[in-house]
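Dear colleague,

Please find below the sequence and the structure that I am handing over to you. A summary of what was found follows them.

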Amino acid sequence: MGISLTTDRLVVRGWTPDDAEDALAVYGSTDVARWLTPVMDQVADAEAMRSVLLGWEQEQAGLLPPRGRWAVERREDGKVVGGLGIRPLPPYDEDLEITWQLSPQAWGQGYATEAGLALLRWAFTQDIEEVFAVARPRNDRAHAVAKRLGMRWVGETTKYYGLNLQVYRIRPADLPDDRP
């Protein structure tokens, strides 16, 4: 599933092993790893990141749209600044979750919202009715992005990943009209 989505400033595209250095700035950061759900060990080095990306690339081929993981790349310089994903939420794998992670150097520039909206707009063309996001209670940045995406808070649960999480939901009618 080789989607490529373009916004004014970003390209959302599949990961490749060549993205290892930029991906390490995201998944190797303690500032990012501490908020991930499910809990993921901080990636130690570029070679370990390359292995993770190879796994994601291989897994992607067998996933039904809109499931997957994608790199978020700045159009101006081709630098990967983060990642997005849509995956089934446990325990029953019925609900889909959108995830976003950015390198700390890319925080505060609206990239998560811009890329997330592009991905959600595409996802809703794939015959799904809703998408969820989950965030740890004190992850204020994640809560703010979920709200900017047009997601609505639906409650708190320990159902997913064995963690206490805030749950947000979006349906096609909830998408903001203005396109970033």
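**Findings**

Helix α3, which spans residues 46–60, contains Q60. Please bear in mind that this is a predicted model. Q60 has a relative accessibility of 8%, and it counts as buried because the cut-off for that class is under 20%. A polar atom of the Q60 side chain lies 2.9 Å from the backbone nitrogen of R69.

**Confidence of the model**

The average pLDDT of the protein is 92, and 95% of the residues score at least 70. Among the elements, the highest mean pLDDT, 98, belongs to α4, and the lowest, 81, belongs to α2.

**Aromatic pairs**

Searching the whole structure gives four aromatic pairs. One of them joins W15 and Y27 in an edge-to-face arrangement, with 6.3 Å from centre to centre and 65 degrees between the planes. This pair links distant parts of the chain: W15 sits in the loop between β2 (10–14) and α1 (20–27), whereas Y27 belongs to helix α1, and the two are 12 residues apart. W15 is buried, at 5% relative accessibility. Y27 is also buried, with a relative accessible area of 3%.

W70 and W122 form an aromatic pair that is likewise edge-to-face, with the centres 6.0 Å apart and the planes at 75 degrees. Here too, distant parts of the chain are linked: W70 lies in strand β3 (residues 68–74) and W122 in helix α4 (residues 111–123), 52 residues apart. W70 is buried, with a relative accessible area of 0%. W122 has a relative accessibility of 15%, and it counts as buried because this value falls under the 20% cut-off.

Ring pairs also bring W15, Y27 and W56 together in a cluster.

**The cavity**

The structure contains one cavity of 30 Å³ or more. The volume of the largest cavity is about 30 Å³. Which residues line the largest cavity? They are W15, Y27, W56, R69, W70, G83, L84, G85, T99 and Q101. Two or more of the lining residues come from each of β3, β4 (80–88) and β5. The element that gives the most is β4, with three residues. By class, five of the lining residues of the largest cavity are nonpolar, four are polar and one is charged.

W15, Y27 and W56, which ring pairs link into a cluster, are among the residues that line the largest cavity. The lining also includes R69, whose backbone nitrogen lies 2.9 Å from a polar atom of the Q60 side chain. W70, the pairing partner of W122, is another of the residues in this lining.

**The largest pocket**

The largest pocket has a volume of about 700 Å³. It is lined by 40 residues, of which W35, W100, Q101, N139 and A142 are the closest to its centre. Q101 is also one of the residues lining the largest cavity.

Which elements each supply at least two residues of the pocket lining? They are α2 (30–33), β5 (96–102), α4, β6 (131–135) and α5 (140–148). The largest share, seven residues, comes from α5. The lining of the largest pocket divides into 23 nonpolar, eight polar and nine charged residues. Two of the contributing elements, α2 and α4, are those with the lowest and the highest mean pLDDT, respectively.

Yours sincerely

Methods:
Residues numbered from 1 in each chain as written. Predicted model: local features only at pLDDT ≥ 70, side-chain atom pairs only at ≥ 80, totals over all residues. Heavy atoms only, no water. Phe/Tyr/Trp six-rings, centres within 6.5 Å; stacked < 30°, edge-to-face > 60°. Helix = DSSP H or I, 4+ residues; strand = E, 2+ residues; numbered from the N terminus. Buried < 20%, exposed > 50% of the residue type's maximum accessible area, 1.4 Å probe, protein only. 1 Å grid on protein atoms, 1.4 Å probe; cavity = no way out; pocket = protein on both sides within 12 Å on 5 of 7 lines; lining within 4 Å. Points joined across faces, edges and corners; volume = space filled by probe spheres on them. Nonpolar A, V, L, I, M, F, W, Y, C, P; charged D, E, K, R; others polar. Polar contact = N/O pair within 3.5 Å; in protein donor to acceptor, adjacent residues only side chain to side chain. pLDDT = per-residue confidence, 0-100.
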